[in-house]
Amino acid sequence: MTTVESRTVPSIEKIHPDLYIDGAWTPAASGKRFDVVNPATEEVLARVADADAADARRALQTAADHQAQWAATAPRARSEILYRAHQLIMGRVDEIASVMTAEMGKPLAEAKGEVAYGAEFFRWFAEEAVRIGGDHTTTGDGGNRIIVTKQPVGPCILITPWNFPLAMGTRKIGPAIAAGCTMVFKPAELTPLTSLVLADILTEAGLPAGVLNVVTTTDPSAVVTEWMDSGLARKVSFTGSTEVGKTLLRQAAGTVMRTSMELGGNAPFIVCADADLPRAVDGLMIAKMRNIGQACTAANRVFVHRSVLDEFTGLLSDRMAALEVGDGATEGIQVGPLVEPKAVAKVESLVDDAVSRGASLRCGGTRPDGPGYFYPPTVLADVDPAADLMSTEIFGPVAAIVGFGDAGHPTDPAADDEVLALANDTPWGLVGYLFSQDADRLERMSAALEVGMVGINTGLVSNPAAPFGGIKESGLGREGGRLGIEEFLDVKYLAVPVRR
Ligand code: NAD
């Protein structure tokens with residue numbers, strides 16, 4: 001068994017850098033490997049197995065071979081595996097967080113937060129595994145009983161992005177295990193190490209061989225197309241960009257596969273004239289800066305009523321300029337690097353475009369020298385709604401502020417309609433944030449926002465107990481909450497004649 005070496009993160013030495021198929025760690029058939037790089041230092045952390053379509057086929061065949069047996073396990077047994085895994089993760093918070101920070105860049109304190117958040121999906125779905133219900137009714141004429149049952153959908157394809165290396169995996173693996181599904185799991189190529197730790201933990205927790213199969217690759221299209229076209233999988237659960245999501249939806253049509261799609265966002269963050277401004281600034285610091293701005297839920301467009309625009313912009317700029325930027329592994333660092341050089345170039349060009357269209361830079365805006373893929377916390381005021389960053393996921397620490405309403409008429413209700421039209425002017429619909437102290441306004445505006453989730457006077461909506469997901473081009477289905485497990489269950493109804 002091979003293990004990798006890292007000069008700086010001792011816990012990485014213990015990670016198996018191979019594919020995890022049928023309960024065993026095996027290199028890719030081709031023998032190929034790829035580098036995993038620390039975005040803060042540009043150091044190579046590990047060389048991980050680089051799977052091709054043949055490896056992918058073997059992994060999915062394994063999952064399919066184990067489906068019937070796994071579906072037949074007692075719900076309590078599945079629940080206890082998830083409980084044990086939750087406890088094992090929580091017993092290794094520091095170690096997992098250090099791996100996550102090294103491969104993805106988020107500061108250690110945030111990584112520890114994600115470990116707890118990610119583990120909680122296992123506890124939540126441990127509780128759901130033994131609560132899978134059905135229904136029992138009678139036909140109108142009284143002639144038949146209708147017994148509605150739920151069954152695992154079958155072998156699943158799980159695909160995750162790099163931005164939450166643990167939680168995006170547990171949010172899918174948890175309900176799949178709870179429902180009795182086997183799975184192939186492909187983590188993002190930028191951040192595979194946390195998922196490899198997770199596979200180890202689930203094995204230690206007692207997950208039988210073949211239920212979870214983990215495939216790492218630099219050729220996601222080849223691996224996933226093999227899975228999508230195989231006819232062996234019954235479900236694909238994807239978190240990532242809308243563009244890739246659309247490709248998968250087209251591929252899923254080939255075998256009429258069930259789909260869950262957690263895609264991109266373009267979240268509006270609305271500060272009304274009557275908002276509690278310090279609270280709104282606190283909310284934006286979370287909604288914007290969580291994960292260094294690299295979240296689907298990140299506040300992408302900040303709309304502030306003109307009567308409070310100057311005060312809000314000043315408060316926000318002071319907070320953003322005071323943040324400590326650096327290697328997230330260092331104590332006290334609040335903002336780590338972006339995940340890769342491409343991400344920095346994108347953020348830089350979006351800021352340049354906004355400035356060229358008249359936006360004013362209140363802080364940040366200048367990329368530092370390397371090493372590391374850093375971009376500073378940046379505030380842009382007077383942003384032209386036609387600027388590119390208003391219609392693109394910024395995915396970086398840049399707050400783009402647009403004024404709305406009439407500065408001299410803070411109570412004019414026309415401002416609400418004006419900002420709602422701006423907020424809804426996007427093909428995405430994941431989340432929106434509303435800050436106001438007027439309950440009627442909040443109720444009316446949250447109903448009118450075209451999104452799957454609304455943060456009301458808060459900048460954080462993610463929670464394992466909540467149904468996370470979007471509408472429009474932000475996706476299909478929900479993860480977490482009471483609905484999360486339903487995505488992995490098929491309904492079967494039994495017609496039972498009533499004998500008189
Ligand atoms: P991405 O779409 O590039 O990659 C996501 C995953 O898809 C990765 O595992 C990648 O290897 C894989 N992939 C890439 N091309 C593929 C292909 N042709 N076929 C099959 N799989 C393929 O996205 P990303 O850059 O890793 O993540 C950022 C995106 O994810 C953003 O758009 C963000 O908003 C979104 N996201 C959404 C949520 C949500 O819950 N809605 C959560 C986190 C991230």
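The model is predicted, so local features are given where pLDDT is at least 70 and side-chain atom pairs at pLDDT 80 or more, while totals for chains, interfaces and linings use all residues. Residue numbers run from 1 along each chain as its sequence is written, and side-chain values use heavy atoms, with hydrogens and water left out.

**Stop 1: the annotated domain**

Select residues 25-493, which UniProt lists as "domain: Aldehyde dehydrogenase" in an unreviewed entry. UniProt positions follow the numbering used here, feature names are shortened, and annotations may be inferred rather than shown by experiment. The span is 38% helix and 20% strand, and its end C-alpha atoms lie 40 Å apart. Helices (H or I, at least four residues) and strands (E, at least two) are DSSP runs, numbered from the N terminus.

**Stop 2: the ligand**

The ligand is surrounded by 28 residues, and the closest are Thr 160, Arg 171, Glu 189, Ser 241 and Glu 393. Next, look for polar contacts (pairs of N or O atoms within 3.5 Å; within protein, one must be able to donate a hydrogen and the other to accept it, and residues adjacent in sequence count only if both atoms are side-chain atoms). An N or O atom in the side chain of Lys 186 is 2.9 Å from an oxygen atom of the ligand. For Trp 162, a polar side-chain atom lies 3.0 Å from a ligand oxygen atom. Gly 240 uses a polar backbone atom, 3.4 Å from an oxygen atom of the ligand.

**Stop 3: Glu 262**

Select Glu 262, where UniProt places the feature "active site" (unreviewed entry). Glu 262 lies in strand S11, residues 258-262. Is Glu 262 buried or exposed? With a relative accessible area of 3%, Glu 262 is buried. Buried means under 20% relative accessible area, exposed over 50%, and partly exposed in between, computed with a 1.4 Å probe on protein chains only. Now show its contacts (heavy atoms within 4.5 Å). Not counting residues up to four places away in sequence, Glu 262 touches a set that includes Arg 171, Gly 240, Phe 468 and Glu 479.

**Stop 4: helix H13**

Select residues 439-448, helix H13, whose buried residues are Arg 441, Leu 442 and Met 445. Seen down the helix axis, these buried residues fall within an arc of 95 degrees, so they line one face of H13. The arc is that of the directions from the helix axis to the C-beta atoms. An α-helix has 3.6 residues a turn, so residues three or four places apart point the same way. On the face of H13 turned away from the buried side are the exposed residues Ala 439, Asp 440, Glu 443 and Ala 447. The cover over the buried residues of H13 includes strand S12 (267-271), helix H12 (414-424), strand S18 (431-435) and strand S19 (453-456). At the N-terminal end, Asp 438 caps H13, with a side-chain oxygen 2.9 Å from the backbone nitrogen of Asp 440.

**Stop 5**

Select Val 379 in strand S15, residues 378-381. Val 379 is buried, at 0% relative accessibility. Its C-alpha lies 7.5 Å from that of Met 320, although Val 379 and Met 320 are 59 residues apart in sequence. Leaving aside neighbours within four places in sequence, the contacts of Val 379 include Leu 316, Met 320, Cys 363 and Ile 401. Then move to Pro 371, in the loop between strand S14 (360-363) and S15. A cis peptide bond, with omega about 0 degrees, joins Gly 370 and Pro 371.

**Stop 6: the cysteines**

Select the cysteine sulfurs. How many disulfides does the structure hold? It holds zero, a disulfide being a pair of cysteine sulfur atoms within 2.5 Å. For Cys 156, the closest cysteine sulfur is in Cys 181, 4.0 Å away, which is too far for a bond. Cys 156 is buried, at 0% relative accessibility, and Cys 363 is buried too, with a relative accessible area of 10%.

**Stop 7: two positive phi angles**

Select Asp 22, in the loop between strand S1 (19-21) and strand S2 (24-26). Asp 22 is not a glycine, yet has a positive phi of about 55 degrees. Its relative accessible area of 38% makes Asp 22 partly exposed. Finish at Asn 291, in the loop between helix H9 (277-289) and strand S13 (299-305). Asn 291, also not a glycine, has a positive phi of about 65 degrees, and it is buried at a relative accessible area of 0%.

Conventions
Near = heavy atom within 4 Å.
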